[in-house]
Amino acid sequence: MNKNIKKILFGIGVSASALGASAFTSDEAEVAKLTQVKEGLIVSNFLVNKGTEFSPRASVNPSAECEATDPRDCAYTVTAEGMDNIPDQPSYSLSQIDQYVDEGWVEPHPNSSPALYSN
């Protein structure tokens, strides 16, 4: 009878280990999937008007850096929805900015005005 109990306990231990390992593997796969979704998307919080293109920036100071007048705003804030949709690029065209505004992915910075960003 002791042999049977040992076999049963061993079987339960192996089953529990396998179940635990598969649960951990599942969590790793889920984290990897979430990371893939964000990979390749914009990481900057702002886009600034450089005249012929817009550049991504981590921070902006429109009060000090918005100078020469331009039809478009000096700085745009990337919205939460924009962080999930805008590709990460070194620059953005004027037509892309127009599209992003229409989609609600960027909005004029509260301190921005129609001007070029000087820095």
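## A sheet, a helix and a disulfide

Leu47 stands opposite Tyr76 in strand E4. Let's see where this pair sits. The structure is a predicted model, in which local features need pLDDT of at least 70 and side-chain atom pairs count only at pLDDT 80 or more, while totals for chains, interfaces and linings use all residues. Residues are numbered from 1 along each chain as its sequence is written, and side-chain values use heavy atoms, leaving out hydrogens and water.

Strand E1 (residues 46–49) and strand E4 (residues 75–78) run antiparallel and are joined by 3 bridges. Strands here are DSSP runs of E with at least two residues, and helices are runs of H or I with at least four, numbered from the N terminus; two strands pair if DSSP finds at least two bridges between them. Strands of a sheet pair through backbone hydrogen bonds, either parallel or antiparallel.

Which order do the strands take? The open sheet of 4 strands, with antiparallel pairing, reads E2-E1-E4-E5. Strand E2 (54–57) and strand E5 (106–108) are the edge strands, each pairing on one side only. On average, neighbouring strands of this sheet are turned by 30 degrees against each other, direction ignored. Helix H4 (residues 94–103) packs on the sheet, touching E1, E2, E4 and E5, and its direction makes about 95 degrees with that of E5. Contact means heavy atoms within 4.5 Å, and axes are lines fitted to C-alpha atoms, for helices over the stretch in contact, with angles from 0 to 180 degrees between N-to-C directions.

Now for the cysteines. A search of the whole structure finds 1 disulfide (a pair of cysteine sulfur atoms within 2.5 Å). Cys66 and Cys74 form this disulfide, with their sulfur atoms 2.1 Å apart. The torsion about their S-S bond is about -100 degrees, so the disulfide is left-handed. Buried means under 20% relative accessible area, exposed over 50%, and partly exposed in between (1.4 Å probe, protein chains only).

| Residue | Relative accessibility | Class |
|---|---|---|
| Cys66 | 16% | buried |
| Cys74 | 0% | buried |
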